[in-house]
Amino acid sequence: MEAPPVKRGWRIMAPEHAGGREDRLSDLPEGVLHRLMSFLDSRQAVRTCVLSRRWRDVWRTVPRVRADFCDFTLNWTSDDDEVDEAAVAEDEVVFNRFVNRLLELRDPNASIRSFFLRFCRSDGGDDGSAEGNRWISYALQKNVRVLEVAVLSYALELDHSVFSSRYLKTIDFSNVVMDQGFFKQLEMGCPELEELFLDECFIVDDEISSQTLKVLALDATHFCCGFKTSISSPSITSLGLHYPMSGKPVLNDMEALVSASLLLCHVEDDDFDASDLRDYLWSLYNVEILDFSYHGKKLTMENNLQLCPKFIHLVSLTLGPWCLDANFYGLIVFLRNSPILEKLTLELAMYRTGKLQRIIGQIEERSFTCEHLTSVEVICLEDDPLANDVVNFFVNSGMSSVQIHIKKWSQSEYE
């Protein structure tokens, strides 16, 4: 039996075929190689330089950069009590050195289509902030279309002066600080921006405005409590506002809105009252798809059906368990104001708190007509008695022809 070939050191040797040519993969056009390497992170892409002479410089022009600190460390954890700070600091130095060399050695004429960077700022100093902003500036100078930046530990204070690009289409930020004037610069400097995703970010600006933005998603965002941040964008078609941690953003100019998801949970601000909740809903009057849930302090509605407007375009509605409080008060209000509703989803498994009354009110007239409603889906835990209450509610309301689907989860599945 022929012995297997012996490895020659650490270098990977590319096989050769007839005619002395290199392997068939290396014969592919550079555009195809770029496509293949776009499935690798940047660390893996750089390592392909040892495959053969053909591969030596391909990574330098790949239009996708993906550098993730979590690939460089085994010491990072979201639990502060378990973090080995010294080890994380060492890993941070290694990662930062890699990113700097990666960007330095790339072909200076090669553009970047997608740029993903997750890095750690373990000390919160100005040096780390300057370095992070320098990496972002590099991506923008290379005509990046999709810019994704996630920061671990201390938040990154963005230098909004670098945001000037007519190519940038999508921004996805996590744990960054946007100071006064950031969104004005974004509107003026990035005229083609269409999508903005912010997760656990800090907004210290009084206005989020854009004439081009179509998708806006704000998750666990902190708004400065010193003033109300106004969100104004007449072109937005999809809006997500989930778990605002502080402050009360105001929604304006949402005429083009088609789909909206509002999850107002843990709202304990003493200044937040029923009128604020009502204002949110009235600003969404034009939507076709709505997902709305509330979990916070008790709110009392005093104007009967004035909780929400007439949703004349609404065809799909998702509500949380709050809508069954006070003898199905919220559910009835929405059904009476959604004349063409086709599908209703009740997510009863989320944020169950016993008999807590979150939104309460009284309705003199409880009847409703939903001629187009054909499907009701109830998502609940296995032992939730409210599922049967929902079925009885529709049967007693003369809508026994509506198909009701009950999806039950075990406690372990839900968690």
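Student: How many aromatic pairs does the count come to by the rule?
Tutor: The count comes to 14 aromatic pairs. By the rule, rings of Phe, Tyr and Trp (its six-membered ring) pair if their centres lie within 6.5 Å; planes under 30 degrees apart count as stacked, over 60 as edge-to-face and the rest as tilted. Please note that this is a predicted model, in which local features need pLDDT of at least 70, side-chain atom pairs count only at pLDDT 80 or more, and totals for chains, interfaces and linings use all residues. Residues are numbered from 1 along each chain as its sequence is written, and side-chain values use heavy atoms, with hydrogens and water left out.

Student: What kind of aromatic pair do phenylalanine 182 and phenylalanine 183 form?
Tutor: Their pair is edge-to-face, with 5.1 Å centre to centre and 90 degrees between the planes.

Student: Is phenylalanine 182 buried or exposed?
Tutor: Phenylalanine 182 counts as buried because its relative accessibility is 2%. Buried means under 20% relative accessible area, exposed over 50%, and partly exposed in between (1.4 Å probe, protein chains only). Phenylalanine 183 is also buried, with a relative accessible area of 2%.

Student: Which residues form an aromatic cluster?
Tutor: Phe69, Phe72, Phe95 and Phe98 form one.

Student: What sits over the ring of phenylalanine 72?
Tutor: The charged end of arginine 43 does, 4.0 Å from the ring centre. The criterion is that NZ of Lys or CZ of Arg is within 6 Å of the ring centre and within 35 degrees of the ring normal. The charged end of arginine 66 sits over the ring of phenylalanine 116, 4.0 Å from its centre.

Student: On to helix 1. Which of its residues are buried?
Tutor: In helix 1 (residues 30-37), the buried residues are Leu33, His34 and Met37. They lie on the same side of helix 1 because they cover an arc of only 105 degrees around the axis; the arc is that of the directions from the helix axis to the C-beta atoms. Helices (H or I, at least four residues) and strands (E, at least two) are DSSP runs, numbered from the N terminus.

Student: Which residues are exposed on the other side of helix 1?
Tutor: Gly31 and Arg35 are exposed there.
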